[in-house]
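Welcome! Let's read a few features of a model together, taking one question at a time.

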Amino acid sequence: MRKTFLALLLAASVTPAFAQEKTFDLKLSHWVPASHPLQKALEDWGAAVEKESGGTIHYKVYPAQQLGKAFDHYDMARDGIADVTYINPGYQPGRFPIIGAGELPFLMSSAKGGSMGLDAWYRKYAEKEMKDVKFCLAFIHSPSSFHMRTKKIVVPDDVKGLKIRPADATIANFVTLLGGTNVQSSAPEVRDIIERGVADGVTFPAGSLVLFGVDKVTKYHMDAPLYVTTFAFVMNKDVYNQMSDRQKKAVDDNCNTEAAGRVGEPWGKFEDAGLDKVRAEPGQEVYKLTPEQTALWKKAAEPLVKSWADNVKKAGVDPDAAMAELRADLAKYNALAQ
């Protein structure tokens, strides 16, 4: 009886504190279709935060650029146009040089482990590089490569003279290095620019290739872990700072390395399955590289590492130490490419 009384007394003392909590209706924004696995990832993220906040944090996901263009999503979180956004740092070359390490060719081998390794590594740098927002988590999609309309790319020299829509800033530099021309566009615009001949091809993960209909305008598909793209969830700082300690904990408990793995894994499976779908389509050619061809690509990519290191030095970071840390974290999560 005494225990019951004490429990009721404790509940009475705690409940008013929760009752004073402000209720938040978070706008979660992204720029891919609602049919993309990212939609469910953000819904799951919002549902977990809502549950752990005792129902004081609600959410709604806005897909397909409803609240703003893909390129603007970092600034949308900063400015409060949305509360949580999905960003591709490589959409703004030069703005986020440190996280660009994740984009270097032949570095990561899987989506889940790569997401966890990247996230664990980047946390110490996020406050420096993404100081305008609250960094939530970082992740990647599956290792991916070139998809071309009329010309099969096998060795680096094949890129010369071609117009490529690059996935990120690093691949854009790679295309330029190899004598190609970059054509900038967001993912939803890729099919149109290839169909109109504005671009000859794209670097894209295979599941998204099918989702965006880009497989309908491409024929040659390199099956090699040429690159990954880094992504992040970021949050408006003012909204986060207005939250109670319990609400902040609900957010923080879903903004960590384990959460990064939960976001990266299903997307990785989705992208990996896309290559089998492309293989099954008539008129498509999916091909692997020989060890000799792979060696040529790795050699051609060496200047990218130097370029990344130079940019990171300008940001006040030791590139050798940062790269060693990233490789160690990727190895920890079994995602370091051999």
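Q: Where is the place of Gly54?

A: First, keep in mind that this is a predicted model. Gly54 sits in the loop between α2 (37-52) and β2 (57-62).

Q: Is Gly54 buried or exposed?

A: We compare relative accessibility with a cut-off: over 50% is exposed. Gly54 has 52%, so it counts as exposed.

Q: How far is Gly54 from Lys299 in sequence and in space?

A: They are 245 residues apart in sequence, and their C-alpha atoms lie 53 Å apart.

Q: What span should the 16 residues of α2 have?

A: At 1.5 Å a residue, α2 should span 22 Å, and because its end C-alpha atoms are 23 Å apart, the two values agree.

Q: Which residues of α2 are buried?

A: Here the cut-off is under 20% relative accessible area. In α2, the buried residues are Pro37, Leu38, Gln39, Ala41, Leu42, Trp45, Gly46 and Val49.

Q: Now for helix packing: at what angle do α4 and α10 pack?

A: Helix α4 (residues 111-129) packs against helix α10 (residues 257-280) at about 150°, and their axes are 7 Å apart. Angles over 145 degrees count as roughly antiparallel, so α4 and α10 are roughly antiparallel to each other. The crossing of α4 past α10 is right-handed.

Q: Which residues meet between α4 and α10?

A: From α4 they include Ala111, Met116 and Arg123, and from α10 they include Thr257, Gly261 and Glu265. By class, this contact has 4 nonpolar, 5 polar and 5 charged residues.

Note on methods
Residues numbered from 1 in each chain as written. Predicted model: local features only at pLDDT ≥ 70, side-chain atom pairs only at ≥ 80, totals over all residues. Heavy atoms only, no water. Axes fitted to C-alpha atoms, helices over the stretch in contact; angles between N-to-C directions. Helix = DSSP H or I, 4+ residues; strand = E, 2+ residues; numbered from the N terminus. Parallel < 35°, antiparallel > 145°, perpendicular 65-115°, else oblique. Left-handed = near helix turned anticlockwise from the far one by under 90°. Contact = heavy atoms within 4.5 Å. Nonpolar A, V, L, I, M, F, W, Y, C, P; charged D, E, K, R; others polar. Buried < 20%, exposed > 50% of the residue type's maximum accessible area, 1.4 Å probe, protein only. Expected span 1.5 Å × (residues − 1).
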